[in-house]
Amino acid sequence: MTRLLVCPPDFFGIEYEINPWMRLNNQVNHERAILQWNSLMAVFEKDIGVVLERMTPVPGLPDLVFTANAGIVVGRTAVVSRFRHPERQREEAYFENWFRDHGYEILTLEPGLFFEGAGDLLGFPDYWFGGYRQRSDVRAFPILSQWFHREIIPLELIHSRFYHLDTCFCPLSGGELLYFPAAFDHYGQTAIAERISPANRLAVSEQDALRFACNAVCIGNHVVLPTGCSRTEQMLHERGYRTHAVPLDEFMKSGGSAKCLTLRLEE
Amino acid sequence: MNIHQETVVIDGHIIDSLLLAKVLDIILMMGGDFDLEDVQIGKTREEPSRARITIRASSNTLLDDILKAIQPHGASVEREADCRLEAAPADGIFPEHFYATTHLPTQVRLNGRWIDVEHIEMDVGIAVDHERTTARAVPMGEVRRGELIVTGREGVRVIPLARPRERDVFGFMESHVSAERPHGHVIADIAARMRRLREQHRREDAACRVLLSGGPAIIHSGGRDALTWLIEEDFIHVLFCGNALAAHDMEADLYGTSLGYGLTAGRTVPHGHEHHLRTINRIRAIGSIERAVTSGVIKHGIMAACVRRNVPVVMAGTIRDDGPLPGVITDSVRAQQAMRAAVAGVKLALLVASTLHAVATGNLLPATVPTVCVDINPSVPTKLADRGSFQAVGLVMDAASFLSELARLLGRPT
């Protein structure tokens, strides 16, 4: 059974600007945010049957809701993130405590070697892709690759609006890849094409990409994604996926959506 | 020579991700150049690959820009240390573990910066000034007590020669010594270089010179007129030789013989074996070769041309010398110093028919100076190549034939 780590948005808000989506003058409607988050959780728990692990929210850490950036979890081992921005570095201790309290073996990268967890490391069973440049440092990947004996193909993220790999790149359970090609340069696109056949590459439109269609959570044949991405949903239906569109625009004010709000734990 | 280079390493899954390709493309697109020093490709998909890349740029600013541009892609400067320095324990003695130079361009790292070693030559040490801002090659005999000498290999790097832009015989950077190879195109390439260097010499004077280091076989074999012409026409700007070449050159002028052999008659002349001794005695009586020329005693030939054209001549003596002539330096350490001082600005060296002078000159020259070694004995160019002067082009041929053909190609009337 799939388990996801989440954190209720009790203290979610825009308190700083560390990506182009965030604007201090575009404040979050707190009630709406809570409703949206609860409806997302309802989809996971009731529609898909996921087990949710809820972290305790912390005042003053508005982005703790984005648990995708807690780190990565492989089996019973967790690598805790090292955030690039000081604003989010304060989250590291809370994520680390949660992993430790739940019996995970903790691995940490050397200080200054930025790595923002599952936000920048995604993959298929045999190999992973690592997004770098905006947040994570490309030099983290050889170390992670060594720790987990997994190939990690680095992909440069060239647009500031797609600052984490999970904002523009979503591997699906059937081996397909939902992605926004223009978020990558020619080298990245070629590297992706080398690994994933044209039939399995599902390129989303710019319009849907900017609504974070790729910030989707795929569990079995369920795909949970933000509302307003009908062309992407259509594409997924043609591949036999069941889509669950959830309104998450309050979280988009912070540059996050369905995927950012979850961290996959071991099965 | 100012070389701006840095070595970076990049590792991980750099092949399939095209990360290595991207880094190399960035270097080239920004106007830099690179050498892939070492690439280890992972044997399985899981195994990472690793590459060491040496980046070269025309300026420090460009190098910094390139390093900044590739750093986000994981290419980071290899961890380096400053070179180690030890004070020389006494005059003329290096510290025990002194770094022994090659004749290739060399840099040492001082306070985090790579500094060119000035006046590089092979088989010497490297001295660093007390402010640790400059470095120069220093021969063993010239080191002074307390001078800071580079020891060990850390913080020292030798820069491989870049292929020259010229597509001539030197452009192949090979040390070919063969009696079977046709000489024509090699001499033509040398002539073309000398024509260019003469133009450059006329603009830059001492900063661009052609050196000829020669033995007396030039006179014996009949190459005297051709060499005289080359000097008079401003193609040769420094001459290294011994007592013999000068003595036989002036003997030819005074007696028409070379070691008693009639140069035009083609046979020995009576009492000819005395001619070179009488010549040496005469010049000794006059006091100097220069005065012998200016006073009109010596009218023609190599020495006369050198005096008239102000071509510096370094004459190094040997233990078999007669006389010797005034000006011959009989202390070989002092001779070496004089030769070392005279190789500055040399852009081409012709080492003709003299084993000892050729090897001595070859040792003093940095590897960046193209060198032509001409001798009828193949062991001489080979010896020079074995000594490490691998930029030497060897021609197994007679000195007179070489000089005559060279002069003909440069416009000497035949």
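Mentor: We go through cores, strand pairs and a sheet in this predicted model.

Trainee: What makes the set of 96 residues a nonpolar core?

Mentor: A core needs buried nonpolar residues joined through C-beta atoms within 7 Å. The largest one has 96 residues. Those with the most contacts inside it include A:C168, A:Y179 and A:C214. Helix α1 (residues 19-29) of chain B gives the most to this core, with five residues. A second, separate core has 76 residues, among them B:A217 and B:V369.

Trainee: Which residues does A:C214 touch?

Mentor: Leaving out residues up to four places away in sequence, A:C214 touches A:C168, A:Y179 and A:V204, among others.

Trainee: How do you know that β3(A) and β4(A) pair?

Mentor: Pairing takes at least two bridges. Four bridges join β3 (residues 71-74) to β4 (residues 77-80) of chain A, so they pair. They run antiparallel. The two form a hairpin with two residues between them. A:G75 in the turn has a positive phi of about 60°.

Trainee: And what is the sense of pairing between β4(A) and β5(A)?

Mentor: Parallel, over three bridges. A:A78 stands opposite A:I106 in β5(A).

Trainee: Why are β12 and β14 of chain A called edge strands?

Mentor: The open sheet runs in the order β12-β13-β14 (chain A), with mixed pairing. β12 and β14 of chain A each pair on one side only, so they are the edges.

Trainee: Which helix lies across β12, β13 and β14 of chain A?

Mentor: Helix α1 (residues 30-48) of chain A, at about 160° to β14(A).

Conventions
Residues are numbered from 1 along each chain as its sequence is written. Chains are lettered from A and ligands numbered from 1 in the order in which they are written. This is a predicted model: local features need pLDDT of at least 70, side-chain atom pairs count only at pLDDT 80 or more; totals for chains, interfaces and linings use all residues. A residue is buried if 20 or more other C-beta atoms lie within 10 Å of its own, exposed if 12 or fewer, and partly exposed in between; C-beta atoms are placed from the backbone. Two residues are in contact if their C-beta atoms, placed from the backbone, lie within 7 Å. Axes are lines fitted to C-alpha atoms, for helices over the stretch in contact, and angles run from 0 to 180 degrees between N-to-C directions.
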